[in-house]
Structure formats: structure tokens, C-alpha cells
Number of protein chains: 2
Amino acid sequence: MTAPFPRHAVIREVGLRDGLQSIRTTLPTASKQAWIRGAHAAGLRELEVGSFVPARLLPQLADTAELVAFARTLPGLFVSVLVPNLRGAQDALASGADLMIVPLSASHAHSLANLRKTPDEVVAEVARIRAARDASGAKTLIEGGVGTAFGCTLQGHVDPDEVLRLMQALLDAGADRVSLADTVGYADPGMVRELFTRAVDIAGERFWCGHFHDTRGLGLANVYAALEAGVTRFDACLAGIGGCPHAPGASGNVATEDLAYMLGSMGIDTGVDIERLLALREDVAAWLRDETLHGTLWRAGLPKTFPAQHAGAAA
Amino acid sequence: MTAPFPRHAVIREVGLRDGLQSIRTTLPTASKQAWIRGAHAAGLRELEVGSFVPARLLPQLADTAELVAFARTLPGLFVSVLVPNLRGAQDALASGADLMIVPLSASHAHSLANLRKTPDEVVAEVARIRAARDASGAKTLIEGGVGTAFGCTLQGHVDPDEVLRLMQALLDAGADRVSLADTVGYADPGMVRELFTRAVDIAGERFWCGHFHDTRGLGLANVYAALEAGVTRFDACLAGIGGCPHAPGASGNVATEDLAYMLGSMGIDTGVDIERLLALREDVAAWLRDETLHGTLWRAGLPKTFPAQHAGAAA
């Protein structure tokens with residue numbers, strides 16, 4: 001009747017980018033490196049470490065090249081960065097990142113406000129990025145990330161057909177991977193089930209990642225619905241940092257530790273050692289003592305029944 | 001491929017019982033009546049208003065009979081109470097409650113510790129309660145609620161086959177309705193999908209309610225999985241009060257307002273006016289100013305895209 005769950009799934013920790021860009025605290029590079037080292041030690045194998053944007057726009061992320069270089073020294077770590085345009089992509093190619101995410105906003109209003117481009121102008125930029133990547137000989141993968149896929153705080157409704165049209169356009173323009181993001185926390189699991197099922201049908205193996213914000217408490221329910229639709233990679237932020245500029249105090253991305261718990265409890269292997277992850281969360285909480293943190297597992301701890309191989313007690 | 005969602009679902013507000021019994025504050029009867037009135041005004045039509053247990057054990061709930069009498073004056077309100085045994089059931093029958101929930105713990109260790117009876121002794125008590133109900137001529141329904149259905153903080157693993165055996169035994173003993181509860185927040189949506197599918201297959205229309213705690217952040221994901229399994233009635237507490245004595249600061253039941261938001265967003269009618277519910281949450285927060293509250297929607301507010309007929313803006 002219902003599909004079996006996948007045996008493996010990947011959590012991509014995006015706290016160093018999506019989390020840190022949305023809060024006031026600027027974390028020193030040494031702390032970020034400790035975060036990367038701790039995440040790797042806890043078994044995470046994909047990290048988004050920063051964004052190649054002008055430092056005057058996001059001074060919190062000005063050390064991205066240095067972080068990519070550091071992350072690449074850790075064995076088996078797949079290093080992602082965000083790039084808003086060709087200029088950033090050239091930095092990403094030079095840095096040696098394994099993957100660069102190009103954000104596209106399916107909401108025209110949001111796209112113009114945030115990127116000063118229409119969605120189709122972003123698609124054209126991805127074609128230029130693809131040409132630059134191929135010319136450079138670099139192996140850096142290109143991920144086209146379609147944001148505001150479930151609605152937008154500026155324009156409200158975003159048409160699912162338009163979201164899928166833009167996703168297809170990104171694939172046609174040369175994106176190696178595509179993803180969908182609920183940038184503002186408007187999705188519910190019913191919407192996710194429907195849109196992600198269609199997206200996976202279209203993109204197949206090139207569908208890469210689900211990105212959910214927990215702004216209204218539905219983050220993990222949305223992950224579950226995407227999992228049922230066949231998605232096996234999810235973005236998350238340790239301690240659920242990030243928030244939403246339109247909702248003071250609201251949580252950001254789904255919390256990495258809660259997501260790792262849900263998947264581990266379901267018997268889905270993520271390679272994550274949850275006890276080590278919770279220890280890293282304590283470090284992050286100390287570094288970000290002036291910020292509102294989120295997540296739930298850290299208070300209650302793992303259930304007695306939690307499978308030992310995912311808890312990390314034996315590690 | 002996947003089943004359609006139901007058109008209607010029922011939220012049963014249990015904050016006045018499961019919530020208030022687990023916190024320190026004793027709410028005055030007048031505040032509880034204001035809560036009941038506010039919940040009714042916000043469109044909730046099922047409330048669990050208290051528990052018929054000796055006042056020396058739970059002084060917070062000593063006014064249950066008075067609250068049942070008050071709640072029965074509100075049109076269309078279906079009034080539930082908890083009863084631990086025949087003695088409490090006699091009080092419930094005398095009070096005129098519409099339904100009495102008899103809790104059974106599938107964990108033998110938890111059952112002995114909390115109820116001083118084995119699960120099968122509770123089944124036998126339900127048979128006596130059924131006989132008393134039938135002899136009294138009262139219309140009060142009997143719900144057998146199987147708790148610790150996904151594990152227990154004392155004994156750890158609870159066998160799903162044992163959970164379903166006890167649920168069947170409750171039906172055979174004369175329970176009109178049966179429910180499953182994740183009393184300690186151990187469930188994940190994979191477990192819920194499997195167990196609730198089997199439970200609904202067994203009990204059919206007599207399967208009544210899913211009761212989830214959000215102790216580890218999976219409450220709404222678990223509701224979603226139960227919804228996919230065909231369950232259409234869920235317990236919830238306004239502001240997620242209740243907590244867990246084993247996990248200080250951890251949240252209690254799923255928050256009524258977040259659940260109403262999720263269902264409304266999915267186009268599932270609950271009759272709830274979310275704006276009024278959020279206003280009632282503010283009252284509850286004032287009454288319980290020394291308690292840790294939970295829930296997420298209240299910070300961010302409803303999305304721009306939320307269907308107006310569920311928001312209550314037009315009401």
C-alpha cells in the first residue's frame with residue numbers, strides 16, 4: 001500500500017550559511033572551523049560552508065574561501081557553497097568546492113527584491129555558470145535551488161506549475177542537480193507530497209535535496225512527506241538557527257539534531273552519531289549565546305528504545 | 001498512488017486534563033471555564049475537561065464535575081473526561097459526560113507503576129465499567145486508550161503485537177471506542193504509519209483518536225502519518241502544555257494551534273477559527289505565566305496564503 005522508506009539518507013548541514021547569514025552574531029573563522037570539524041566528527045559528510053557574495057553584503061560569510069579550503073582537508077567531506085551569480089561561481093570554482101548552489105526564487109516579487117533578476121534571468125545565469133564551469137575543467141557540480149516553492153511573504157501564492165517549469169528550465173540550462181526550498185515556512189505536508197512527487201518524476205536522479213524551514217512547526221512533517229515522495233537528502237541547521245526576518249523569534253531550518261533523530265529512529269541510516277551532534281550543539285549554543293536557538297531533542301534526550309547504531313553510544 | 005486526505009478532522013482539546021495535570025500551577029475553576037468558553041468560541045467541539053480521580057492525587061483536577069456541568073451548557077460541545085477505574089466511571093456517569101476515557105498502559109512496568117494494575121486487569125475493569133454504564137442507562141461512551149503504545153521510559157520497548165492484542169481486548173470487553181497514545185514521545189512517523197494502519201484495520205469505525213506528545217519534535221509528523229493511515233481525530237493541548245516528568249522543559253502534547261494550522265493548510269476542515277484560538281492562547285499564557293509554553297505558529301502567524309475559511313478572519 002505504502003512505499004518502503006529508503007535505507008539511507010543524507011543530511012546536509014547548512015547552518016554555516018543559511019543559519020549564520022540570518023542572525024546578528026558574526027562567528028569567528030576559528031569557531032566555524034571547529035563547527036566544521038565537529039560536524040565531520042559527528043558523521044555529517046555534506047556541509048554548506050558559506051556563500052560567495054560581496055563581503056559588504058554579508059560580512060558574516062566573508063571567510064568562505066578559507067572555510068572551503070579547511071573543509072577540503074577533512075576526509076570524505078563533500079563541500080557546498082552558495083553562489084548568487086557568475087561572479088560568485090568563479091570564486092567557487094577557484095575555491096575547489098564540490099558543489100555550488102545557485103538560488104532561484106520562483107516568486108517573481110521575491111526574485112526581483114532579493115536577486116534583482118527575474119527567475120528566467122537566473123536561469124540564463126545558470127547557463128553561463130555551466131559554460132564557465134565546463135571551460136574551467138573543474139568538477140564542481142551545479143545545483144539549481146528553486147526557493148519560495150510553496151509561497152512567498154511578498155507575493156503570497158506561487159503557482160506549483162511555475163515552480164516545476166523553472167526547475168525544468170534549470171535542468172535544461174545545465175544544472176547538474178535541482179532542489180526545492182520552502183524558504184519562508186509556508187509548506188504543509190500535503191503540498192510537499194504533491195509537489196515533490198511531481199518534481200522527482202521530472203528530475204529523477206538529478207533531484208537533489210529538500211530544504212524546509214520550521215517557521216510554523218511543520219518542518220519535520222514536511223521532511224517526512226518528502227521522504228515518502230522519494231527524496232533522500234535534506235538541508236538542516238544545527239539548533240534550528242536561521243529564523244525569518246519577517247517573523248522575529250521564529251525558527252529557521254529544521255534542526256539537524258531533530259532530523260537525525262527522526263531518520264535514525266525510522267531505521268534510515270544517515271551516518272550521524274547523535275550524541276556527538278548534541279555535544280556540538282552545546283558548543284554552537286555557547287558561540288551563539290545571544291541568539292534564539294531551536295530544536296527539541298536536546299531537552300529530552302534520546303528514547304531508551306533508540307537504535308544504538310544511530311545513537312553513537314558505541315562510537 | 002497515495003490516499004486522498006480526509007475532508008474533515010476533529011481536534012480534541014485535552015489541555016484541561018493532560019496539560020494541567022502535569023504542571024505545577026493549579027488553575028482556578030473560573031479560568032478553566034473561560035478556557036472552555038474560549039475553546040468553544042474558537043470552534044472546538046470536543047474537550048477533555050478533567051479526570052475523576054481522588055482529589056488528594058490530583059488536586060488540580062478536583063473541579064471536574066463542575067466543569068462537565070459547565071461545558072454541557074455550551075451548544076454542540078462533546079465533553080470527555082478521564083477515569084482510571086470503576087469508581088471514577090461512576091462519577092463520570094453521574095456527571096453526564098459524553099465520553100469517558102479509560103487509560104490502559106501497554107507497558108506492563110508503566111501500568112503497574114501508574115495504575116497498580118496489569119494491563120489485563122484494566123481490561124477487566126473496562127468490562128465492569130461497561131456493565132455499570134449499561135445498567136445506569138446513561139449514554140456516556142467508553143473509550144479505551146492504549147498508552148505507551150510506542151515504548152516506555154520504564155521498560156523501554158513495547159511490542160506492537162501486545163499493543164494491538166490489548167486494543168482488541170478492550171473492544172471485546174465493551175469499549176465503544178479505542179485510541180492509541182504515544183505517552184512519552186517515543187514514536188516516529190514510520191512506527192505510526194505501521195501501527196495505526198494495523199489498528200484502523202482491526203477497529204474500523206471504533207478507532208477514535210491519535211494522541212501524540214511532541215517531546216522530541218515529531219508530534220506533527222506523527223499526526224501526519226496517522227492521518228495517512230486513516231485517523232481523523234487527534235488530541236492536542238493549547239500551547240503544547242503538559243511536558244514530561246522525565247524530561248524537564250520538554251513539550252507536552254502537540255500544540256492545538258499548530259495542529260489546527262497544519263490541518264487547515266491542508267484543506268482539512270476542523271471548524272476551528274485559528275485567530276480566535278491564538279487569542280485564547282494569549283489568555284492561557286497569562287494564566288500560566290510560570291510555566292514553559294510551546295508551539296510555533298503563535299510567533300510567526302499565519303502565512304499569507306492560508307485559506308481564509310480556516311483562518312477565521314471573516315468570522
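Contact here means heavy atoms within 4.5 Å. The views show a predicted model, in which local features need pLDDT of at least 70, side-chain atom pairs count only at pLDDT 80 or more, and totals for chains, interfaces and linings use all residues. Residues are numbered from 1 along each chain as its sequence is written, and side-chain values use heavy atoms, with hydrogens and water left out.

**View 1. The interface of chain A and chain B.** The contact draws 47 residues from chain A and 47 residues from chain B. About 3500 Å² is buried between the two chains, 60% of it on carbon and sulfur atoms, where buried area is the accessible area (1.4 Å probe) lost by two parts on being put together, summed over both.

**View 2. Salt bridges and the chain A side of the interface.** Two salt bridges are counted between chain A and chain B, each being a side-chain nitrogen of Lys or Arg within 4 Å of a carboxyl oxygen of Asp or Glu. B:R193 pairs in this way with A:E228, with the closest N and O atoms 2.8 Å apart. On the side of chain A that touches chain B, two or more residues come from each of helix 8 (189-203), helix 9 (219-228), helix 10 (256-265) and helix 12 (297-300) of chain A; helices are DSSP runs of H or I with at least four residues and strands are runs of E with at least two, numbered from the N terminus.

**View 3. A salt bridge within chain B.** The side chains of B:R12 and B:D235 form a salt bridge at 2.7 Å, N to O. Because B:R12 lies in strand 1 (residues 10-13) and B:D235 in strand 8 (residues 233-236) of chain B, the pair ties together parts that are 223 residues apart in sequence. Over all chains, the whole structure has 38 salt bridges.

Conventions
Chains lettered and ligands numbered in written order.
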